[in-house]
Amino acid sequence: MVAETAKKFEALEAQAAKIMSVFIKAGHEAVAPAIIQPASVFLDVIGETLRARTYVFIDPDGEELCLRPDLTVPTCRLHMERHLEAKTRAKYCYNGSAFRFQPAGAPVAHPREFRQAGIESFGGTERAKAEAQTVVTILDGLKAAGLKDFKLHIGDLGLFRALLEAADMPLRWRRRLMHQFWRPDAFRTELKRLTTLAFDVPRDVPTELLAKLDPERPDDAEKQVAAYLDTRGVELFGTRSLSEITESLLSIVADSKTQPLSADTASLLESYIRVVAPARAAGARLRDLLRGGNIDISEAFDAYQKRLQLLADAGVDVAHADFEAEFGRTLEYYTGFVFEVVVPSLGRQSPVAGGGRYDTLMRQCGSPEDVPAVGGAIHTERLLAALTGDA
Amino acid sequence: MSSAESLILAVPSKGRLMEQTIETFAAAGLNVRKVGNARGYRGEVEGVPNVDVAFISASEIARYLKTGRAHIGITGEDLVREQMTDWETRVSMLKPLGFGHADVVVAVPDCWIDVRMMADLDEISGAFRVRHGRWFRVATKYINLTRRFLSSRGLTDFRIIESLGATEGTPAAGTADFIVDITSTGATLKANGLKILDDGLILKSEANLIASRMAKWTPRVREAENIILQRLGV
């Protein structure tokens, strides 16, 4: 599907020009971030799984570089080069190539080199409004290119996070569940472990040391651990500090003293993850799930409803949009609202556009603090294929 | 270096691996010797026609077998698995040779007393990220083996740092948090204050006699191969 003939390239560029003019009219400044990026930004932020899909290479100076696997991280970096304060408000748009390794036999809708036309909005503190605007602008771009028949899918990682925050459990359990959220099997295992407290993993720590550690007195615990290492002649070195190792040991102690996660909470989390419903009905489903319990996530819930209302007000056909609680699970840098636009001819696995909120990405790229950020991109080759009937 | 009708036999060019290869062949009545000057890189097998011996490094041998530049070679299974993601389609392992033993293992600092299993690493990786603002860094020269093994154990959030030497020193230097490296007795790891995780054995490797499926196998080459394999008892 990569445009290899001049004719297709011209058709793609003509289509992109229409889309870009919609983006620019919506207040986004057109930018062209670098194609070659430092690999570390992507690998440190997104993890090693991305390396398997990214073209990484070493330049003659020994620097590890990559061909950008998306344009969101490069746009964040461009923004930070321009502004000392990453939270400075800005709206950008772009049209350019991205590169992802595809195994032999990958479908044609997944080429290793593809073009994206997209938008990013940084620093907008009215979150629901910025999210709705992003969806509206992307849909306007699709329509300007001529697309009529499509379906909107939405998800909201903020709802899941709020559910975890509100559920009664220690902070470290919350972190573990959030950490495993992206991996359905591991998540289920962790949930089971927490409800049964079956921590059967063998540890290198003698029980007499654990017996001396009191989670209420971390300073003393640190001394105990230091003394333990000392008497055994184990040198403390490496990147993890004494306090980190102690904290981890204390969490083992704390787990053994904590009541297991209630079966109700576990089943609530599991039921939530299974919710798939039309966007409007999903709100009611969620309310039903929470009824009778003492879990209050009204803030995240209101944000969901408000966003839906703003979308409806802007003329988006929310009656036909679908909500999936699990949606976003495979895209680790998203932090809240996520969306995809799907066309019948290409199907759910090859959306023509997608995006969402990623409030922690700017910090992961080097900003001292989180910056509200939301964006979306159109896969222009898929769009062209859908419009010309090549799909 | 050879006529198109000769079998190319790739033999390690130095160290114990070379000595033991030559001993093993000699014990089977195959005398491998260098031709030309003693430092040369070419050789022959006495009394077996149509064989050209190429003395090259063990990792180069894996590459030769991968592309079919050599028909048969002797190298470590670790190198084959690391350098070929599709090794089963490219080579066949004919025989483990009983020397060149080395384990590819995951090792962490001794002072990580809270970590003994792979699952423990996953357990602490979230807290590590919160504190350090990045994922774990793993130093290794076995990039592919490491990535595949860690992913198969559910550990997906890490960064591989390619290390071409003295991998065992990287945790102390702070350039990596833990390592994946080769060990035969464990002494080097121990000297560097590192311990192997209980379920951290990625591969038990030894030197293997390996044939390339990518090489050009003419009847004459096949014939030379048969003589060698027969003597070696394959």
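**A helix and its surroundings**

Mentor: In α5(B), the residues B:Met118, B:Asp120, B:Leu121, B:Asp122, B:Glu123 and B:Phe128 are buried. This is a predicted model, in which local features need pLDDT of at least 70, side-chain atom pairs count only at pLDDT 80 or more, and totals for chains, interfaces and linings use all residues. Residues are numbered from 1 along each chain as its sequence is written, and chains are lettered from A and ligands numbered from 1 in the order in which they are written.

Trainee: What makes B:Phe128 of α5(B) buried?

Mentor: A residue is called buried if 20 or more other C-beta atoms, placed from the backbone, lie within 10 Å of its own, and B:Phe128 is listed as buried. The buried residues of α5(B) pack against β8 (136-140) and β11 (194-205) of chain B.

Trainee: What span is expected for α5(B), and what does the helix reach?

Mentor: The expected span is 1.5 Å times one less than the number of residues; α5(B), with 15 residues, reaches 20 Å from its first C-alpha to its last, close to the 21 Å expected.

Trainee: Where does α5(B) bend?

Mentor: The bend, which is the angle between axes fitted to the seven residues ending at a residue and the seven starting there, is about 35 degrees at B:Ser125.

Trainee: How many residues of chain B are in contact with chain A?

Mentor: Contact requires C-beta atoms, placed from the backbone, to lie within 7 Å, and 30 residues of chain B are in contact with 30 residues of chain A. The largest share of that side of chain B, six residues, comes from α5(B).

Key. Contact = placed C-beta atoms within 7 Å. Helix = DSSP H or I, 4+ residues; strand = E, 2+ residues; numbered from the N terminus. Buried ≥ 20, exposed ≤ 12 C-beta atoms within 10 Å, placed from the backbone.
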